[in-house]
Amino acid sequence: MKNTSAKFILASVLSLGPALPAIAQEHGDTGTLDVAKAEKAFARKPLYSPYAGRSFPTRPLFGDTHLHTGASFDAGAFGARLTPRDAYRFARGEEIMASSGQPAKLSRPLDFLVVADHSDNMGMFPDLFAGKPDVIADPQAKSWYEMITSGQGAKAALEIIFSFGKGTLPPSMIYGPDTRPYKNAWQDTIKAAEEYNEPGHFTAFIGYEWTSNTAGNNLHRNVIFRDNADKASQVVPYTTLKPLGSDNPRDLWKWMQAYEDKTGGNVLAIAHNGNLSNGRMFRMIESFTGKPVDKDYVEQRSRWERLYETTQTKGTGEAHPALSPNDEFASFEIWDFGNLDASERKTPEMLEFEYARSALKNGLKLEAQLGTNPYKFGLVGSSDSHTGLAAMEEDNFFGKTTPQEPSPERLTATFVKDAKTNITVMDWEVGASGYAAVWAQENTRESIWDAMQRKETYATTGPRMLVRFFAGWDFDPADAEGRNPGAIGYAKGVPMGGDLTKAPEGKAPTFLVAALRDPIGANLDRYQIVKGWLDGNGETHEQVYDVAWSAGRKPGADGKVPPVGDTVDVANATWTNTIGAPELIAVWKDPKFDPNQKAFYYGRVLEIPTPRWTAYDGKRFGTKALEGTRMTVTERAYTSPIWYTP
């Protein structure tokens, strides 16, 4: 075959025309040319453009996969009046008027948005707010209507959320998916997404939030369609109330399967706020049966839940300081008071089953037992804002709910207070976080959704830093000297969300990491790699490594890099980029690799300290912050992991 090919090449070339004197002289008319000589003589003409033929994603797309508008019953009760169309306009960069009557605009447009209004009671709030007789015929509904219309919407909203979680909503306020108002609201949601979806420029996904909240324990999932209206409009969202719905995730997965079977479309789900599930989000024991999770559970969850929303306004769920006492950066925007409606306090034993890092570790255990890792998820961030505004910049934060939109009062106001559990959450504890970053080839529903499906994503707490994370067996330090880590990363390794298997003899995994600061943001402190692994005794472990950092510092005896410093002027809500680095890039090799142990690795990129939204509010409104209020923030990004499986 080799000789035949060589002769064919030679004959073909000779047939092209004049003369190839060197070849003819060396080999005659027929010759014995081999492939190597032919390729040397007739080398492929180098392309002028080094980018010609490139097919990998070259820049991340930033968006929000979890935004509520006034169509959600709780957002509406809180005072949100913006519609899905308003939300898309804002995300595309238009200036709009917030529900509180203030002009609002992003520093830069987003690339995509999912309006994820609640699955349950879609279409109900407009009727409640309008005082529709059928709705307020119930005394409780009438009471909430009067509270909302008299300016006590926030209190009414919390009571409605609590009642929903307890299953005690008045029948007049339960709009099932079989009702006309519900169907109309869903069709309008789809129509709005279709109107604002502009392939190549801005992607408006069709989606909703499945709102399982039994006994106040959060098990929510955001459901995102890859498809257009022709398929998505063939169904209505899956709800949580029986007989048409269920609060068990297994039933949601059945609904998702049925959707794909019926339409030939595609759909995925993103869980979030495990920190408010009181130990139910990443269970080893199923909440609904009390039995260990089984093979069907791990296979279904692995298939349908490819991502986890690890940071948002109601807390960051990457790691908890009690679970990771050696990680000095684990205590970041933590909400560990209780469950979603503050009706039950948190206990220490719940934490392991709520945070992403511990779930990733337990996933290795379950894979060893059942053959599938249900917690092999990628990471994204999103807002969960209930204002219709995906505004998650510290100096441009429009809060979680409408009463928390900018005002002189929000720095000292109370968000949640439960007298029975003695849980109090202040407005200042709400975080201005986060966004989803997706490495997709193009800005379309299909391309972004496919990137989510393969977990080529990362979470940011707000800044739009560019983060690369590749793993392979042959990266060397010279690979970190180029200006295009993507080219070498895809050529020699796998990107975030990928897998390594079967370590070559004597080799340990190598990682090419790179980060570029948000062009209008703060410098970078360091790039860390978090490793988790399962040992031969079935026990899990974790280690955080500093792998790249700004100049001027040396790791101590413990391997940790000293703090980068702090230039924040809290009183004036300013900082300087006189510390840190605009970009970081390095190649790192796991020094303690055991080829027989399952492991995962993910990247964490830290910015230098900057003013938190509370500092901006203090400066703008002249409000004195309460004692204990966090006034600075160390923004960050979390990449999806790369797994090693022997």
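In strand β17 (residues 457–460), Thr457 and Ala459 point to one side while Tyr458 and Thr460 point to the other, and all are buried; buried means under 20% relative accessible area, exposed over 50%, and partly exposed in between, with a 1.4 Å probe and protein chains only. Helices (H or I, at least four residues) and strands (E, at least two) are DSSP runs numbered from the N terminus. The model is predicted: local features need pLDDT of at least 70 and side-chain atom pairs pLDDT 80 or more, whereas totals for chains, interfaces and linings use all residues. Residues are numbered from 1 along each chain as its sequence is written, and side-chain values use heavy atoms, without hydrogens and water.

Strand β17 runs antiparallel to β16 (residues 435–438), to which four bridges join it; two strands pair if DSSP finds at least two bridges between them. Val438 has Thr457 of β17 as its bridge partner. Strand β17 also pairs with β28 (residues 636–639), in the antiparallel sense, over three bridges, and here Tyr458 stands opposite Thr639.

A further sheet is open and antiparallel, with four strands in the order β19-β18-β21-β24. Strands β19 (493–495) and β24 (583–589) stand at its edges with a single partner strand each, so one side of each lacks a neighbour in the sheet. From one strand to the next the twist averages 20°, where axes are lines fitted to C-alpha atoms (for helices over the stretch in contact) and angles run from 0 to 180 degrees between N-to-C directions. Seven bridges pair β21 (residues 510–516) with β24, and Thr510 has Lys589 as its bridge partner in β24. Helix α16 (residues 485–492) lies across β18 (466–472), β19, β21 and β24, at about 25° to β18; contact means heavy atoms within 4.5 Å.

The structure holds 42 salt bridges, each a side-chain nitrogen of Lys or Arg within 4 Å of a carboxyl oxygen of Asp or Glu. One of them joins Asp327 and Arg604 (2.8 Å, N to O). Asp327 lies in the loop between β10 (315–316) and α14 (356–370) and Arg604 in strand β25 (residues 599–607), so the pair ties together parts 277 residues apart in sequence. Asp327 is buried at 6% relative accessibility, and Arg604 is buried at 0%. Both belong to a network of salt bridges that also links Glu318, Arg357, Lys361 and Glu542.
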